[in-house]
Amino acid sequence: MADFSPTADYVEIRQGVANVCAAFPGSDWRDLDSRRAYPAEFVAALIRAGWLGAMIPEDYGGSGLSLTAAAVILEEIHHQGCNAAACHAQMHTMGTVLRHGSAEQKRRYLPGIADGSLRLQAFGVTEPTSGTDTLALKTTARREGGERVINGQKIWISRAEHSDLMVLLARTTAREQAVSRTDGLSVFLVDMRVKIGKGIELRPIRTMMNHATTEIFFDDLRLPADALVGEEGKGFRYILSG
Ligand SMILES: Cc1cc2nc3c(=O)[nH]c(=O)nc-3n(C[C@H](O)[C@H](O)[C@H](O)COP(=O)(O)OP(=O)(O)OC[C@H]3O[C@@H](n4cnc5c(N)ncnc54)[C@H](O)[C@@H]3O)c2cc1C
């Protein structure tokens, strides 16, 4: 019978993660907290060691590990006294692209996410008037020629200042015109490196814990047609499946 005890398998994973964490003692974390600083070196070290590319298939340069293995990695980070909240999104946010993106999007983005040259750490869903009720979100993506023009606001978008890419959920069909309640939202992959100051403004939010989170304002942010992930209007399902 399979052994499901917490430390049954994964000994090598735990040891490997612990080896990375050993270079980041509690005193470092207390120092980061007192300065409200992001643990950039810690995240880079985890990426270098391959731990944050765990769920990316080997064909795209990741290790193709299971969700359980990924959970063990995050658990071990905390067990070692470090903070996985600074980086967990690099591990799982790419799932939206992996499951629903085109062959070209996967080829273009996944290898870079696996080797750390691209950071996909931001997930833009929550808005000031829609948290739990995601279907009420108001940020729009209007079609203009081949482009999409984004207007609206997100809140509590974590790690956006430390990310190259953001998965963004926006409304492409007005709620009253959508074929069903869950239709009309679409997912976009936003390359923030070229867009900050050109339709995107980030404002850090100070939180009780040291958590790099932000408000994001979109003012006529123009996205190319190939920023759309999967089919238009199906974004709510894609986000839930992630
Ligand atoms: C530190 C931090 C980091 C975050 N990072 C991200 C991020 O990276 N990306 C992102 O998109 N979002 C992020 N979030 C947002 C988070 O997902 C939302 O806070 C969450 O979805 C809840 O939304 P809300 O805060 O608007 O609360 P609300 O939806 O207003 O809920 C408030 C309370 O009411 C309850 N409630 C709501 N609706 C009902 C109902 N119908 N019946 C009964 N009870 C109900 C809720 O359970 C909750 O207790 C972050 C939040 C925090 C605090």
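Helices (H or I, at least four residues) and strands (E, at least two) are DSSP runs, numbered from the N terminus. I start with that because every element name below rests on it.

**Ground rules.** I am working on a predicted model, where local features need pLDDT of at least 70, side-chain atom pairs count only at pLDDT 80 or more, and totals for chains, interfaces and linings use all residues. Residues are numbered from 1 along each chain as its sequence is written.

**Loop and strand spots.** I looked up A225 and found it in the loop between β7 (213–223) and β8 (228–229). For burial I use C-beta atoms placed from the backbone: a residue is buried if 20 or more others lie within 10 Å of its own, exposed if 12 or fewer, and partly exposed in between. A225 has 10 other C-beta atoms within 10 Å, so I noted it as exposed. I then asked which residues A225 is in contact with, leaving aside its neighbours within four places in sequence. They are G146 and E147, where contact needs C-beta atoms, placed from the backbone, within 7 Å. From W51, A225 is 174 residues away in sequence and 32 Å away in space, C-alpha to C-alpha.

Next came A174, in the loop between β4 (165–171) and β5 (185–191). A174 counts as exposed because it has 9 C-beta neighbours inside 10 Å. Its C-alpha atom is 6.8 Å from that of G184, ten residues apart along the chain.

I also checked backbone angles. D220, in strand β7, has a phi near 55 degrees, a positive value in a residue other than glycine. D220 is exposed, because 11 other C-beta atoms lie within 10 Å. R36 likewise has a positive phi near 55 degrees without being glycine, and I found R36 in the loop between α2 (26–35) and α3 (40–48). With 13 C-beta neighbours inside 10 Å, R36 is partly exposed.

**Ligand shell.** Which residues surround the ligand? I listed F123, G124, V125, T126, G131, T132, W156, I157, S158, T207, H211 and T213, taking a residue as near a molecule if its C-beta atom, placed from the backbone, lies within 6 Å of it. At least two shell residues come from each of β1 (120–124) and β3 (147–158), and β3 gives the most, with three. I sorted the shell by class: four nonpolar, eight polar and no charged residues. Here Ala, Val, Leu, Ile, Met, Phe, Trp, Tyr, Cys and Pro count as nonpolar, Asp, Glu, Lys and Arg as charged, and the others, Gly among them, as polar.

**Helix pair.** I picked α1 (residues 11–21) and α4 (residues 67–79), which pack at an angle of about 35 degrees with axes 9 Å apart. Axes are lines fitted to C-alpha atoms, for helices over the stretch in contact, and angles run from 0 to 180 degrees between N-to-C directions. From α1 the contact uses I13, R14, V17, A18 and C21, and from α4 it uses A69, V72, I73, E76 and I77. By class I get eight nonpolar, no polar and two charged residues.

**Whole chain.** I counted eight helices and eight strands. The radius of gyration is 19 Å, close to the 18 Å that the globule rule gives for 242 residues, so the chain is as compact as a globular protein of that length. That radius is taken over C-alpha atoms, and the rule is 2.2 Å times the number of residues to the power 0.38. Of the 242 residues, 37% count as buried.

Definitions and conventions: Contact = placed C-beta atoms within 7 Å.
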